[in-house]
Amino acid sequence: VPPKITQKKNLRMLRFAILALAALSSVTAFSIAPAGSRQTSLRATGFEEVGGQFWDPLELSKLGKNIDTFPNMFPDKQFLQEAEIKHGRMSMLAWTGVWATCNTGMGLGMHIPGYPVEPDFTKAFAAFSAAEPTTTAAILLFISIAEGESVGWTGDNWRGMSTKVSGDLGLDFLGLKGKLSQEKLDRYKIVELKNGRAAMIAMASLFAWKSIPGSVPLMDIFTGQV
């Protein structure tokens with residue numbers, strides 16, 4: 001067998017193994033907790049990796065209370081929690097969008113026929129905007145309305161005066177929340193939070209990989225650049 005063919009087969013096997021492990025870990029993350037872990041799941045905080053206690057050694061969440069040089073100079077913890085959840089959701093959507101439209105490496109083959117093809121995700125928005133200005137305007141309008149409703153619904157969380165739960169936008173048209181026990185609902189909140197954190201790191205790694213060649217070896221394996 002020619003060496004090049006053998007190398008390609010080994011590379012495909014390696015990619016498959018990594019994807020299989022990633023899929024397995026995802027299934028484990030979303031699996032329902034067994035009955036024996038009922039009490040543990042009820043106490044889930046999102047900081048289980050550091051003993052379950054709120055981890056903030058620099059007390060960044062207390063800047064608004066510890067430093068009062070100017071009134072309302074720093075945001076309250078409510079604002080930071082809302083921002084983390086929102087940016088996590090955005091990053092999960094961004095990560096899915098990059099791989100869904102990518103036609104190389106680990107792309108999911110979900111490109112919509114008729115829309116422009118741009119393998120470089122850093123140039124995809126510009127290419128799409130140039131080819132589909134009306135669709136781009138509609139998307140930006142929708143984002144603006146959604147963001148405006150989000151801020152209006154949230155209230156003044158910058159000063160810690162919001163009465164809503166962070167991340168809850170009141171959107172549950174199918175009534176899914178009412179079908180879940182409080183235990184499962186609390187656990188899914190933690191699952192979303194942790195996956196959002198992972199997605200933010202993933203998006204940061206994509207930009208680092210684009211900016212500094214070789215900085216993310218795993219991406220080189222996925223895209224066949226090794």
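**Pocket, surface patch and salt bridges**

Of the residues lining the largest pocket, 31 are nonpolar, ten are polar and nine are charged. Colleagues, please bear in mind that this is a predicted model.

Let me stay with that pocket. Its space amounts to about 1,900 Å³, and its lining comprises 50 residues. Nearest the centre lie M90, L93, A94, G97 and I143. Which helix supplies the largest share of the lining? That is α4, with twelve residues. At least two lining residues each also come from α5 (121-131), α6 (133-154), α7 (182-211) and α8 (217-222).

I turn next to the salt bridges, of which the whole structure holds seven. One of them joins the side chains of E147 and K86, at 3.1 Å from N to O. This pair connects distant parts of the chain, since E147 belongs to helix α6 and K86 to helix α4, 61 residues apart.

Between D156 and R159, the closest N and O atoms are 2.5 Å apart. D156 has a relative accessible area of 28%, and R159 one of 43%, so each counts as partly exposed. K177 pairs with D168, with 3.1 Å between the closest N and O atoms.

Finally, the surface. W153, L169, L171, F173, L174 and L176 make a nonpolar patch of about 730 Å². Of these, W153 sits in helix α6, the helix that also carries E147.

Note on methods
Residues numbered from 1 in each chain as written. Predicted model: local features only at pLDDT ≥ 70, side-chain atom pairs only at ≥ 80, totals over all residues. Heavy atoms only, no water. 1 Å grid on protein atoms, 1.4 Å probe; cavity = no way out; pocket = protein on both sides within 12 Å on 5 of 7 lines; lining within 4 Å. Points joined across faces, edges and corners; volume = space filled by probe spheres on them. Helix = DSSP H or I, 4+ residues; strand = E, 2+ residues; numbered from the N terminus. Nonpolar A, V, L, I, M, F, W, Y, C, P; charged D, E, K, R; others polar. Patch = residues over 30% accessible without salt bridge, like charges linked within 9 Å, V, L, I, M, F, W, Y side chains within 5 Å. Areas by Shrake-Rupley, 256 points an atom, 1.4 Å probe, with all protein chains shown as cover. Salt bridge = Lys/Arg side-chain N within 4 Å of Asp/Glu carboxyl O. Buried < 20%, exposed > 50% of the residue type's maximum accessible area, 1.4 Å probe, protein only.
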